[in-house]
Amino acid sequence: MSFELFIQYVFAGLTYGIIYAIVAIGFNIIYNTTGIINFAQGEFVMLGGMIAISLQKMMPLPLAIALAVAITMVVGALIEIVFIRWLDRPSVLRLIIITIGISILSREVALHIWGESVRALPYFVGNEISAISILGARVSPQVLWVMGVCTVMVILLSLFFRYTLTGQKMQACSANRKAAILCGINARNMVTLSFMLSAGIGALAGCVMSPITYTSYDGGPDLAIKGFTVAIMGGLGNSMAAVTAGLMLGLIEAFSISLMPMAYKDAIAIAILLLILFIRPHGLFGRKDAAGLKEF
Amino acid sequence: MKKLRNVFMATLLAGTFILPATALAETIKVGAILAVTGGASFLGGPEARTLEMLAAELNAQGGVNGNKIELVIKDSGASPEKAISFAKQLIEEEQVFAIIGPSTSGETMKIKGIAEEGKTILLSCAAAEVIVNPVAKYVFKTPQKDSDAVKKIFGAMKDLGFTKIAVLSGNTGFGNAGKGQLETIAPEFGIEILASEVYDKKETDLSAVVAKLMANKEIQAVVNWSIVPAQGILAKNMRQAGWNVPLFQSHGYGNIEYAKASGAASEGIIFPAGRLLAPELLDDANPQKALLVKYKADYEAKYKEPVSTFGGHAQDAFKILCKAIQEVGADREKVRDAIENMTGYAGTGGVFNFSAADHNGLDIDAFAMWMVKDGKFVPYKK
């Protein structure tokens, strides 16, 4: 394998990887505050992309994206308020089934609004054929946008959880919900906030990746499966580990293509998911004893 | 009193004469199994809309021989399992006269046997040649043959002097059938397939596989065989990587949305398709012209979206069925024979000449070669 080819694979892998990581972080934020996996996470990504594509016809691109993210956050909050907030101590299984229902519902709604055709946002810089040469490999500027935006998002999120009061409150709820409530933290609001936050980052990722991957009403579940694999790989609830795991999975997928027919790419991701579930259910970076304390 | 009874008898008598007349004008149920949603919705969507438009138009004019057509459209979501259960439902419960669809080759192959067993006419809108080869008594298809598409592409390649190519295909019934045809027919044209890659139908990025193929400097051209958005993604990834060999697509590319979705990267893509894409450029003497112009204008006015060749396949299926019913009446066996013996029918896909050995009825001339230029489909010139 030549050096240029190697770099080309690395960039392809990092592009998928960072997208998987963002979806996994979305899973983790909600998991941390509620203990459930929100299977509608992929739909947030789809909604963000779709709304931005519609708005972009009426206003400049940056504004359309900002508005799309805001609208998706409101949708996230509404979903939580309508379907989850009023439940009195629901079981984990029930919540998971609710989120699967929400995922199907959002897809059907999207199908009615946007139809079945595949859409895309325009490239932020340049067009479909422009490319930048990096170490001999040719990379679309949009790939750099995806990587840049996602990296900034990850950094801002970790700062938010560490240094802001709201972020610390959310962490408190995930560490010990009862104790947090006793300290006067409104845990229910924190759950709503977590849905908004993961809807927002999903939507932003959906916007930046739309020119490369296109957006279609049924793109959510595939992303959710990859994101879920990554979240499990990193250890549920651990956002930084999700980034590492996401990049790992992306690179594994990209390099698998050089050895095997491309059709096996998804089989590799699923095989990894199964292996981890069998061998290290607490994830590559998670601790077994910590995972044991969680409900699931 | 007697008078009243006479009047009563007279109306009864009159009634017995009127009744058979109304019984004659019963509705004919036509089933359709189309992928209106899901991965192949860009096929099933236009197909379903076309059928609805045509049925409404026909019924407004009084139907076929005074019989209204009642459409029963089932959305299979491109799932072969659903297609199977809908086929059984349509044949056994709804007892439809005939079935139009399915949209995809994979689904059609799964229900070929069911239609055959149920002695129900099946007019598939899917492309793969295996649907009608070997011939099944009740199964027909309206899209052009994939072997003819392959020959048309290889012909153009030979013209340009290409002999070493790479093949990419989606993992769908259509992709697999096309890949098979490409591999079988290549030696006839002295073309060598250096690399062949299959990708998932939901693939969103092909840059890694492009990098892999690009490393082989001997490849002179690429053929992609799929009916999914990946055909646009491939074009983008190739041009971004600076790989400027010509890209040929299958006849599944006949929707301008694909070209638009990949913008500048789709420039120069060459593909075979029917003549529906630009009917206004045809000779007035062409038997297809009037029909193509009307369908394109009607469809675009009604649904505010560009016409695609896929909706045309449904139009052909519907019109062929109606024409046969009109000729021999609503008798299933007779209609089947009438379709099998139909010749010289100009549809959107070409001029159909069915026979007992050919349930597709189209030859290689049904295809024209097209290319993308300035975001539009134009006839291909070397």
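## Basis of the report

Two parts are in contact where their heavy atoms lie within 4.5 Å. By this rule, the contact between the two chains takes 37 residues from chain B and 32 residues from chain A.

The model is predicted, so local features need pLDDT of at least 70 and side-chain atom pairs count only at pLDDT 80 or more, while totals for chains, interfaces and linings use all residues. Residues are numbered from 1 along each chain as its sequence is written, chains are lettered from A and ligands numbered from 1 in the order in which they are written, and side-chain values use heavy atoms, with hydrogens and water left out.

## Chain A

Chain A has 12 helices and two strands; helices (H or I, at least four residues) and strands (E, at least two) are DSSP runs, numbered from the N terminus. Read from the N terminus, the order is α-α-α-α-β-β-α-α-α-α-α-α-α-α. The C-alpha trace spans about 60 × 50 × 35 Å along its principal axes. The radius of gyration of chain A is 19 Å, which agrees with the value near 19 Å for a compact globule of 296 residues. This radius is taken over C-alpha atoms, and the globule rule is 2.2 Å times the number of residues to the power 0.38.

Side chains of opposite charge can pair when their charged atoms come close. A salt bridge is counted when a side-chain nitrogen of Lys or Arg is within 4 Å of a carboxyl oxygen of Asp or Glu. Over all chains the structure holds 18 salt bridges. One of them joins Glu253(A) and Lys226(A), at 3.3 Å from N to O. Glu253(A) is in helix H10 (residues 239-259) of chain A and Lys226(A) in helix H9 (residues 220-234) of chain A, so the pair links parts of the chain 27 residues apart.

## Between chain B and chain A

Chain B and chain A bury about 2,700 Å² between them, 56% of it on carbon and sulfur atoms. Buried area is the accessible area (1.4 Å probe) that two parts lose on being put together, summed over both. Ala208(B), Lys236(B) and Gln240(B) supply 21% of the area that chain B buries against chain A, more than any other three residues.

One salt bridge is counted between the chains: the side chains of Glu203(B) and Lys265(A) meet at 2.5 Å, N to O.

## Two domains of chain B

The domain assignment, which is automatic or from a database, gives chain B a domain 1 (24-144 + 285-365) and a domain 2 (147-273). Their centres, taken over C-alpha atoms, are 28 Å apart. Domain 1 of chain B puts 15 residues into the contact and domain 2 of chain B puts in 18 residues.

The two domains of chain B bury about 1,400 Å² between them, with 63% on carbon and sulfur atoms. Phe42(B), Glu129(B) and Ile364(B) supply 36% of the area that domain 1 buries against domain 2, more than any other three residues. Zero salt bridges are counted between these domains, but four residue pairs are in polar contact. On the side of domain 1 that touches domain 2, helix H2 (41-60), helix H4 (105-117) and helix H11 (309-328) of chain B each give two or more residues.

Definitions and conventions
A polar contact is a pair of N or O atoms within 3.5 Å; within protein, one must be able to donate a hydrogen and the other to accept it, and residues adjacent in sequence count only if both atoms are side-chain atoms.
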